[in-house]
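Hi,

Here is the structure I said I would pass on. Have a look at it first, and then read on for what turned up.

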Amino acid sequence: MSAVLTAWVESVGLLGPGLPDWPAAAQVLSGAAPYEARRTAIPPLACLPPAERRRTGKVVRLALTVGLEAVARAGANAAALPAVFSSSGGDGENCHEICQVLASADRQISPTRFHNSVHNAASGYWGIATGATAASNALCAYDASFAAGLLEALVQVRIDETAVLLIAYDADYPEPMRSVRPIPDAFGVAVLLTPVARPGSLARLTADLGAAPADVLPDPRLETLRAQVPAARSLPLLRRIARTERAAVVIDYLGRQRLQLEVSPCH
Amino acid sequence: MKPLALTAFTATSCLGRGVQAMRAALEGERTGLAPCAFETVTLDTHVGEVRGVDDERLPAELQAFECRNNRLALSGLRQDGFDEAVRAAARRLGPERIGVWLGTSTSGILETELAYRRLDPASGALPADFRYHGAHNTFSVAAFVQRALGLGGPAAVISSACSSSAKVFASARRAIEAGLVDAAVVGGVDSLCLTTLYGFHSLQLVARASCRPFDVGRDGLSIGEAAAFALLERPGSGLGADAVLLLGTGESSDAWHMSSPHPEGRGASAAMTQALAAARLTPGEVDYINFHGTGTPSNDAAEARAVAAVLGTEVPGSSTKGATGHTLGAAGGLEAVVCALALRHGLMPGGVNTRVIDPELRVNYLLENRPARLRHVMSNSFGFGGSNCSLIFGRAG
């Protein structure tokens, strides 16, 4: 039985430092525009009711922003899409606030803080925002979280013969957690994967497990980003999609394992 | 879907270590819940604590993973010959051909909670012995179990609150069907911590004493802890009649509220319907249902509506959370083992603690154990964020 997994990339959403959306990021990654490093600016969410909007932290806004971008670029119906959320750390600010209160005398954490503490908070708010009632997953594989999410999504595309929206995201912790997990800034990427080619497909993607060294990025600042943020381990793959060139790409996975990818542009 | 065999399984909870202890407690209709004496917690409630978890010592080469959650995981792996069964499978299939998918909701967060009491007074820094990767991070338990068992294939933690370790069965079965791996270690590990005890308390969802699922006077859940594991493989030709199979999985999202289920159980119904379709079963072919049954007024009401809509009101069912407590990210795995024991030994466990069934809940709720030859059983797991998963297990013969 072959383990090679295949899907088509229908669209991408992206938000990171100096990378405000996918078209801008594609310009930078393809070499058509210079990279200008800037703190990630996460916009407010218009898609949630005001009460829910007030309860969301930046990590949830990051995940929903890139997810909505990918869905909008594909003209897809978010309500009907299964989703795979993958994050190495979830909402670090919320976790910090809870641990501070639990270490204090009164220990009375707020109900909102508590329900936002679940690793699948972004998935829950995504459902509320979009009405998506299909299966939604929430994964963590530490530094391997992007590749683990991609594998999960590709397997689901193959077995369930459905389009799947992958959303991988990580944001920086406040101190003192920041010192032990030094993620410098927020980075999120969403990839809409489909089981068959569509008129708007960007590229065909195949994946298998491998052991070759992961690709690095030619721009040293982007390479630093790739190395420091688990979700940014996606950048070598996204660069090949942006450059619309047929290429083999290796991205980091777990321990000595890598994901060996083949990208074949559709246009 | 193609059925998979549970070629080994084990569970450790407040009912005891290993399946014999669990079976004896279920047969004796005993609860493992007791007044909360955990850490410095002063909440007036009962919990399902596993005794002696912190006496467990991790092997020297795995010290980087020291935390209560991984101690519980290790204790669980060592019961019922589970670790040996996985090692034997690794010798047969190759350690890189066995994946690890585990559920947890809070991982080793207890260590972080305690470390925050020891922040450097001047700098605010965490103590030098703080372990982010091995203890705090959500992935820690899967990384630990993978290394403890000597495996080298794909691995992930699924952390979707209380559906986590049910959903691992769905992810693993897809990965096996796709040929990504040949077998998978699945299950869940969640351990007591202050975040969940005080968090559920803040939501006013904690029972004053022991939880009483589906009772007319139910007043919330009791938090427990557990480590439960199963080894999933394609069924070979030598399966005995009492071998347990995973027959169907169903997953859905409520798209409704972060901490309350959809009042009509919309997502729960969808998950159960999908699981039936995947198993190619009709509702009448389900012999027993292990409810999610947390004991909160809203969960049990929504679940009862969903079960009545999908399976009707006659199928016998119970929640075993009155015995084990709600083990959160380990609940799906723990209750999968309950289902496996039910199938193997012909036992439908009665829901302990529950005295008077809520007449509003139109389900056939078992207050006492009932022996029966079971062919197919369903297990429900629903979590915060509206994450739902239903599993169907059956006997090979």
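Start with helix 9 (residues 266–279) and helix 10 (residues 297–311) of chain B: their axes come within 8 Å and cross at roughly 40°. Helix 9 of chain B and helix 10 of chain B are therefore oblique to each other. The crossing in which helix 9 of chain B passes helix 10 of chain B is right-handed. On the helix 9 side of chain B you'll find A268(B), S269(B), M272(B) and T273(B), and these meet A302(B), E303(B), A306(B), A309(B), V310(B) and L311(B) of helix 10 of chain B. Sorted by class, that contact has seven nonpolar, two polar and one charged residues.

Before you go further, please keep in mind that this is a predicted model. Its scores are ipTM 0.98 and pTM 0.98. For chain B, the average pLDDT is 97, and 100% of the residues score at least 70.

Helix 2 (residues 68–77) and helix 6 (residues 140–148) of chain B have axes 10 Å apart and pack at an angle of about 40°. That angle makes helix 2 of chain B oblique to helix 6 of chain B. Here too the crossing is a right-handed one, with helix 2 of chain B passing helix 6 of chain B. Helix 2 of chain B brings N69(B), N70(B), A73(B), L74(B) and L77(B) to the contact, where they meet S140(B), V141(B), F144(B), V145(B) and A148(B) of helix 6 of chain B. The residues in this contact split into seven nonpolar, three polar and no charged.

The other pair is helix 1 (residues 19–27) and helix 12 (residues 331–345) of chain B, whose axes come within 11 Å and cross at roughly 75°. With that angle, helix 1 of chain B is roughly perpendicular to helix 12 of chain B. From helix 1 of chain B, the contact takes V19(B), M22(B), R23(B) and L26(B), and from helix 12 of chain B it takes V337(B), L341(B) and H345(B). By class, those residues are five nonpolar, one polar and one charged.

Still in chain B, there is an open sheet of three strands in the order 3-4-8, with mixed pairing. Strand 3 (34–35) and strand 8 (223–224) of chain B are the edge strands, each pairing on one side only. Strand 4 (residues 46–48) of chain B pairs with strand 8 of chain B in the parallel sense, over two bridges.

Now over to chain A and its strands. Strand 6 (residues 203–210) and strand 8 (residues 258–265) of chain A run antiparallel and are joined by eight bridges. A207(A) stands opposite L261(A) in this strand 8 of chain A. Strand 7 (residues 247–252) of chain A also pairs with strand 8 of chain A in the antiparallel sense, over six bridges, and there A248(A) stands opposite E262(A). Strands 7 and 8 of chain A form a hairpin with five residues between them, and G255(A) in the turn has a positive phi of about 55°.

Two backbone details in chain A deserve a look as well. R107(A) has a positive phi of about 60° although it is not a glycine; you'll find R107(A) in the loop between helix 4 and helix 5 of chain A. The peptide bond from E175(A) to P176(A) is cis, with omega near 5°, and P176(A) is in the loop between strand 4 (164–170) and helix 8 of chain A.

Finally, how do the two chains meet? In all, 52 residues of chain A are in contact with 53 residues of chain B. On the chain A side, the elements that give two or more residues are helix 4 (92–102), helix 5 (111–116), helix 6 (121–130), strand 3 (136–140), helix 7 (145–160) and helix 8 (177–180). Helix 7 of chain A gives the most, with seven residues. The chain A side as a whole divides into 28 nonpolar, 19 polar and five charged residues.

Cheers

How values were computed
Residues are numbered from 1 along each chain as its sequence is written. Chains are lettered from A and ligands numbered from 1 in the order in which they are written. This is a predicted model: local features need pLDDT of at least 70, side-chain atom pairs count only at pLDDT 80 or more; totals for chains, interfaces and linings use all residues. Two residues are in contact if their C-beta atoms, placed from the backbone, lie within 7 Å. Helices (H or I, at least four residues) and strands (E, at least two) are DSSP runs, numbered from the N terminus. Ala, Val, Leu, Ile, Met, Phe, Trp, Tyr, Cys and Pro count as nonpolar, Asp, Glu, Lys and Arg as charged, and the others, Gly among them, as polar. Axes are lines fitted to C-alpha atoms, for helices over the stretch in contact, and angles run from 0 to 180 degrees between N-to-C directions. Angles under 35 degrees count as roughly parallel, over 145 as roughly antiparallel, 65 to 115 as roughly perpendicular and the rest as oblique. pLDDT is the predictor's confidence in each residue, from 0 to 100. A crossing is left-handed if the near helix is turned anticlockwise from the far one by less than a right angle, and right-handed if clockwise. Two strands pair if DSSP finds at least two bridges between them.
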